2 protein chains.
Amino acid sequence: MMQVIYPNLRLCLVSKSRVSEVLGRTYASENCSAARALEIVGERWSLLIIRDALFRGRTRFSEFEQSLHVAPNILTSRLERFVAEGLMEKRRYSEGAELYDYVLTDKGRELGSVIIALTAWGDRWEAPNGPPAEFKHEECDGAVGINVHCERCGSSVSLSAVGAYPGPGR
Amino acid sequence: MMQVIYPNLRLCLVSKSRVSEVLGRTYASENCSAARALEIVGERWSLLIIRDALFRGRTRFSEFEQSLHVAPNILTSRLERFVAEGLMEKRRYSEGAELYDYVLTDKGRELGSVIIALTAWGDRWEAPNGPPAEFKHEECDGAVGINVHCERCGSSVSLSAVGAYPGPGR
């Protein structure tokens, strides 16, 4: 690979989609979908911003900032990354100032299962006073859970009965 | 709260279990189980170390290091944190050198559902050549999936039908 002597110049020469490649990936040696997911949402605050968008209906910079008390430069960086990676769409809501709604796409929304899995783990192991929040099924008010199951035999699968094997994308 | 003028001195005065509190939490204002989970496993490499332990049978420092190409100081820090938080147990395997197996506890193993959810998302959105790895049910060789379901009505629940409400630990 070409040695990068003028990294800033090189950045100007590559297409937008290759920027993250040139900047370097945290888990560059990992060909793994979990690692790839963490490249996109593994930075501080990322998943909590998605959580706020998905389960608290937040769409605006000021709403995320007030809700999360996250530094503005970090929030800007995360939202722009989500837009670049297709997790959110940016929609201008003001004709005057350049103000935007950041709206989850299907790709962003589907991180909900990751957030529910993290929450379930935290509820079980790190919530001595009980769950701070509960997920409910809007249609019947039942508690929402997450489970690992076998798509062939249909049973719930304990983690000790799960093996990982090379797939087609190896 | 008392202002910390001599943080290093203060560290010496507190019990081990309060160290992370004094060092400061990333998501200090968040009373949320997902945030609490991310306090423990949200740092770079954390979930990939757990993945290697759970699905690749790694237990030793050298194994994690070779598999992940992670800097030794970071690996040391993560493994010690996992032991402190009860995700792993440290078992000496050599009578000579101080060498340890790091073995997942139930608390650590149950992060498997988070890893499977992350992998499923990455497989769907970030694996153009197909999944690099596949999870299989050891008993019947079926594909393992993760699903969000309602514990009352039993149906699979789409994320748009999930609401978050204050729980007892709020």
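**Strands across two chains**

Reply: In this predicted model, A:Tyr165 has B:Glu134 of β3(B) as its bridge partner.

Me: How many bridges join strand β5 of chain A to β3(B), and do the strands run parallel or antiparallel?

Reply: Strand β5 (residues 162–166) of chain A is joined to β3(B) by 5 bridges, and the two run antiparallel.

Me: How many residues does the contact take from each chain?

Reply: In general, the size of an interface is often given as the accessible area lost when the parts come together. Here one may count residues instead: chain A and chain B contribute 75 residues each. On the side of chain B that touches chain A, α8(B) provides the largest share, 13 residues. That side divides into 38 nonpolar, 19 polar and 18 charged residues.

Me: What rotation superposes chain B on chain A?

Reply: A rotation of 180°, with 0.0 Å of shift along its axis, superposes chain B on chain A with an RMSD of 0.0 Å. This is the relation of a two-fold axis. Moreover, 100% of the interface residues of chain B are also interface residues in chain A, so the copies meet through the same surface.

Me: Within chain A, at what angle do helix α4 and helix α8 pack?

Reply: Helix α4 (residues 46–55) and helix α8 (residues 112–125) of chain A pack at about 105°, their axes 10 Å apart. An angle from 65 to 115 degrees counts as roughly perpendicular, and α4(A) and α8(A) are therefore roughly perpendicular to each other. Among the residues that meet are A:Leu47 and A:Ile50 in α4(A), and A:Val114 and A:Ile115 in α8(A). The residues of this contact divide into 5 nonpolar, 1 polar and 1 charged.

Definitions and conventions:
Residues numbered from 1 in each chain as written. Chains lettered and ligands numbered in written order. Predicted model: local features only at pLDDT ≥ 70, side-chain atom pairs only at ≥ 80, totals over all residues. Least-squares fit on C-alpha atoms with pLDDT ≥ 70 in both. Contact = placed C-beta atoms within 7 Å. Axes fitted to C-alpha atoms, helices over the stretch in contact; angles between N-to-C directions. Helix = DSSP H or I, 4+ residues; strand = E, 2+ residues; numbered from the N terminus. Parallel < 35°, antiparallel > 145°, perpendicular 65-115°, else oblique. Nonpolar A, V, L, I, M, F, W, Y, C, P; charged D, E, K, R; others polar. Pairing = 2+ DSSP bridges.
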